[in-house]
Structures are given as structure tokens and as C-alpha cells.
Amino acid sequence: MDKKLDFRGVNEIEFHKRFKGDEDCYQYVAKIKWKDGNFLCKKCGHKKMCKGKKPFSRRCMKCKYDESPTAGTMFDKVKFPLLIAFHLIFKISSRKKGMSTLELSREFGLRQVTCWKFKQKIQQAMSSAGNYKLAGEVHVDECLIGGGKKKENEVVVMERKN
Ligand SMILES: [Zn+2]
């Protein structure tokens, strides 16, 4: 099942149009997460759900567990607004020449360490996205590699493996 954020072919203008606020992002995550009405309660494994109490959440009809769209995703426990997380992902996954965590922290008004942590999450998510080309190539900056400076423009390419 395809449960990935996919911004392929979306340019910056379209992206900004589509994701104007946190709500747009929650809606998008919910759509991916419970694609075609697929629901599996993570508390009890029940498959029937109804609308939850919180915006865009789903409620298990058996144990009444209210699950937010971001629970169990890479956005779980992220301390900054989802909209910012989306923008970070878009920037990082679509820029040919990656952005350093310093640039990101300036642009988004976040602490550099916060950007660094989230950037790692993004890159993990991109590599576990597996066989799909997510967004062309991603350049890894030396912050990520921790320790020894790699050659500039070390490239992680998410190619479809055939
Ligand atoms: Zn349940």
C-alpha cells in the first residue's frame, strides 16, 4: 500500500497553494493514512471506525480509541506545526542542491538541532519509502553524516529498484 507523501511533480507555487495551513496538512496525512477507508485500530486491531473528536481523527468503533492522523507517522511528537514539517519535507526532498540545517533553521525559525533531527527523519523516511523514486535526488550535507566530511554533493538517489 502506498502510504507516502508524494510531492513529485509539484512545484513550489502549487505546493504553497495546496498547503496553506495545518488543516490542509492534517487532511492530507489522514487521506494517505486511511486511504480507501482502510483503518486498523492500533490499540485493539478493530477495523471499523467513525469520525473522531479531533479534526481529521478517526475513532475505533470497538474500543473508542481516537487516533489522530499523525499518530504512528513521522509527524508523531513533532513539536512544530505540521505545516512547517510539510514545508521542510518539500524543501528537502525537492531541492536539487540540499539545504543545510543552518539555512533551514533560518528560513523556518526553528532551532538548528530541531531541523537536524527532522531532516534525519525525512531522510530515513525517504530511504524506507523503498522502491520509489521520491523526489529525484537528495544531496546530503555534512551535518547529517555526523563526523567525517564526505565529498561535497554526496547523493542519495531514491531509484525504483527493478
Ligand atoms: Zn480499537
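Helix axes here are lines fitted to C-alpha atoms over the stretch in contact, and the angles between them run from 0 to 180 degrees between N-to-C directions. That convention matters for a helix pair discussed below. The model is a predicted one.

Start with the overall layout. The chain holds six helices and five strands. Read from the N terminus, the order of elements is α-α-β-β-β-α-α-α-β-α-β. The chain has 162 residues, and 21% of them are buried. Among contacts with a separation of 6 or more, 51% join residues 24 or more positions apart.

Now the sheet. Three strands make up an open sheet, ordered E1-E2-E3, with antiparallel pairing. Strand E1 (49-51) and strand E3 (66-67) are its edge strands, each pairing on one side only. Strand E2 covers residues 58-60 and pairs with E3 in the antiparallel sense over two bridges. Arginine 58 has glutamate 67 of E3 as its bridge partner.

Turn to helix H2, residues 22-33. With 12 residues at 1.5 Å a residue, H2 should span 16 Å, and its end C-alpha atoms are 16 Å apart, so the two agree. The buried residues of H2 are Cys25, Tyr26 and Val29. These three cover an arc of only 100° around the axis, and therefore sit on the same side of H2. The helical repeat gives the background: an α-helix has 3.6 residues a turn, so residues three or four places apart point the same way.

What covers that side? The cover over the buried residues of H2 includes helix H3 (82-94). The axes of H2 and H3 come within 7 Å and cross at roughly 70°. Angles of 65 to 115 degrees count as roughly perpendicular, so H2 is roughly perpendicular to H3. From H2, the contact is made by Asp22, Cys25 and Tyr26; from H3, by Leu82, Leu83 and Phe86.

Buried in H3 are Leu82, Ala85, Phe86, Leu88, Ile89, Phe90, Ile92 and Ser93.

Technical notes: Residues are numbered from 1 along each chain as its sequence is written. This is a predicted model: local features need pLDDT of at least 70, side-chain atom pairs count only at pLDDT 80 or more; totals for chains, interfaces and linings use all residues. Helices (H or I, at least four residues) and strands (E, at least two) are DSSP runs, numbered from the N terminus. The expected span of a helix is 1.5 Å times one less than its number of residues. A residue is buried if 20 or more other C-beta atoms lie within 10 Å of its own, exposed if 12 or fewer, and partly exposed in between; C-beta atoms are placed from the backbone. The arc is that of the directions from the helix axis to the C-beta atoms. Two residues are in contact if their C-beta atoms, placed from the backbone, lie within 7 Å. Two strands pair if DSSP finds at least two bridges between them. Angles under 35 degrees count as roughly parallel, over 145 as roughly antiparallel, 65 to 115 as roughly perpendicular and the rest as oblique.
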